[in-house]
Amino acid sequence: MDKVIIFDTTLRDGEQSAGAALTISEKLEIARQLEKLGVDVIEAGFPIASPGDLEAVRNISKEIRGSSICALSHAQPQAVDTAWEGIKDAAEPRIHVFLSSSEIHMSHQLRKNRDQVLEQARAMVARAKKHLDNVEFSPMDATRTDRKFLYQLLRAVIDAGATTVNIPDTVGYTMPKEFGSLIQGIKRNVDNIEKAVISVHCHNDLGLAVANSLAAIDSGARQIECTVNGIGERAGNASMEEIVMAIKTRHDLMKYSTDINTERIYKTSRLVSDFTGMYVQPNKAIVGANAFRHESGIHQDGIIKERTTYEIMDPESIGLSGTTLSLGKLSGRHAFRKRLESLGYALSDDEINRTFAAFKELADKKKEITDRDLEAIISEELRTISEIYHLEQVQVSCGDLTMPTASVRLTGPDGKILSDAAQGTGPVDAVYRAINRLVKVPNELIEFSVKSVTEGIDAIGEVTIRIESEGKRYAGRGAHTDIIVASARAYMNALNRLLVTKGE
Ligand SMILES: [Zn+2]
């Protein structure tokens with residue numbers, strides 16, 4: 001059976017576009033999860049882009065042993081050498097060099113002719129090859145590149161040592177049939193193509209990224225570049241979970257395999273969504289909240305009688321627990337730990353203690369605690385982000401006859417207790433103003449959304465915000481049954497992320 005290499009670019013294409021910077025420790029945490037998921041290649045970043053990116057790639061390379069670590073590079077000597085700096089400690093390092101090849105990019109962006117582009121690509125692949133054997137090359141905007149020139153370019157970079165040639169649909173323009181025929185054309189016309197793996201990198205501008213990727217596999221591509229939840233530039237990249245589950249579910253038509261441990265898909269999706277502040281739409285295939293929910297009476301009736309009447313995949317195959325039992329006020333530590341284990345969390349005793357306390361507190365307010373509530377507790381209590389300021393207490397008075405007033409108490413960097421109060425146009429505004437008086441970082445709130453984790457009036461509210469400071473955006477998340485408290489936590493989370501990222 002033909003294996004399809006899964007190349008994940010969540011930390012590069014995904015992070016670059018999420019509108020939210022991730023801290024180095026968050027990137028490392030996502031890389032660990034991708035390794036457990038069984039990803040073959042992790043594109044960890046773009047080292048020349050910033051010192052923080054280089055540092056993150058370096059840390060990931062030092063720790064991750066089970067996946068190949070790839071660094072992206074412009075076709076420039078310094079970029080190639082910096083990429084190598086980032087990944088040289090990896091168990092299986094890879095450099096990914098890219099250069100535009102379409103007429104429109106060459107004449108308007110690069111201002112170079114075909115011969116110059118050909119020579120530059122060849123020379124930079126050769127330069128990368130001096131550092132290591134595993135080199136990938138991408139002709140950017142390949143789907144709008146003249147075919148003859150594309151074949152010529154691919155032949156040249158394979159001669160220079162490229163072991164993977166990636167065909168990006170950079171602008172999300174291609175159609176499945178057309179893309180399939182492009183890959184077949186490459187197989188037929190590039191005479192040294194058997195020395196390299198053909199890869200594809202599809203964007204979702206027309207909603208076709210997954211369809212195009214699958215068409216490419218059928219035409220001979222054996223590496224797919226994709227991201228968790230399909231995040232990425234503009235409309236995003238091909239979604240990993242959709243590609244992997246399509247191959248698995250329609251194995252009758254697609255005789256391929258991947259090394260992905262599909263039971264870890266759901267948890268990976270949640271982790272990426274939490275850290276980037278990018279919600280997964282409820283109707284998203286595979287990982288959306290409604291993906292395995294049956295509303296129609298006829299469907300529900302069918303599912304109860306026989307699951308496969310309306311379900312083509314088993315929810316447990318992506319790591320959604322099949323159990324509907326909820327925990328409640330009387331559930332003990334043992335039941336709590338058992339349930340977390342079944343959700344895939346292996347927590348230390350200390351972590352169990354912290355989360356159990358939060359669970360008990362919630363159980364006092366809410367009669368049924370579902371798996372979604374537990375996930376909210378875990379991501380709230382076990383944040384990997386180090387807190388420079390910690391929210392101790394928030395108190396608000398508001399209503400239609402008073403001016404909303406908030407008082408907050410924080411622990412500062414040196415452990416000192418800080419407190420202040422402020423008025424605002426609404427309770428959240430008042431809380432944010434009070435926090436601003438203590439944490440003096442100029443920023444602008446550009447996005448604020450609140451949703452409930454589960455149904456019911458006693459549900460946990462989850463607040464996601466984005467703030468902007470000096471041209472950079474930072475996401476923040478907070479959860480609590482009181483949405484004002486959740487809002488305050490989300491703001492503290494975003495401010496801490498801003499401060500930590502700036503210090504890196
Ligand atoms: Zn891309």
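Guide: Gladly! Helices (H or I, at least four residues) and strands (E, at least two) are DSSP runs, numbered from the N terminus. This is a predicted model, in which local features need pLDDT of at least 70, side-chain atom pairs count only at pLDDT 80 or more, and totals for chains, interfaces and linings use all residues. Residues are numbered from 1 along each chain as its sequence is written.

Visitor: Why is Thr-174 called buried?
Guide: A residue is buried if 20 or more other C-beta atoms lie within 10 Å of its own, exposed if 12 or fewer, and partly exposed in between, with C-beta atoms placed from the backbone. Thr-174 has 27 C-beta neighbours inside 10 Å, so Thr-174 counts as buried. Its place is in the loop between β7 and α8 (176-189).

Visitor: Which residues are in contact with Thr-174, leaving aside its neighbours within four places in sequence?
Guide: They are Thr-143, Asp-169, Phe-179 and Asn-212. Contact here means that the C-beta atoms of two residues, placed from the backbone, lie within 7 Å.

Visitor: What makes strand β6 largely enclosed by the rest of the structure?
Guide: In β6 (residues 135-140), 6 of the 6 residues are buried, so the strand is largely enclosed. Val-135, Phe-137 and Pro-139 are buried on one side, and Glu-136, Ser-138 and Met-140 on the other. In a regular strand the side chains alternate between the two faces of the sheet.

Visitor: How do you know that β5 and β6 pair?
Guide: Two strands pair if DSSP finds at least two bridges between them. Strand β5 (residues 93-100) and β6 have 6 bridges in the parallel sense, so by that definition they pair. One of the bridges has Ile-95 and Val-135 as partners. On to β7 (residues 164-169): 2 bridges join β6 to this parallel strand.

Visitor: Which strands close into the barrel, and in what order?
Guide: The 8 strands follow the order β2-β3-β4-β5-β6-β7-β8-β9, with parallel pairing. Neighbouring strands of this sheet are turned by 25 degrees against each other on average, direction ignored.

Visitor: What makes β14 and β16 the edges of the open sheet?
Guide: That sheet has 3 strands in the order β14-β15-β16, paired antiparallel. Both β14 (444-452) and β16 (472-480) have a single partner strand, so one side of each is left without a neighbour in the sheet. Between β14 and β15 (residues 461-469) there are 8 bridges in the antiparallel sense, and Glu-447 has Arg-466 as its bridge partner in β15.

Methods. Axes fitted to C-alpha atoms, helices over the stretch in contact; angles between N-to-C directions.
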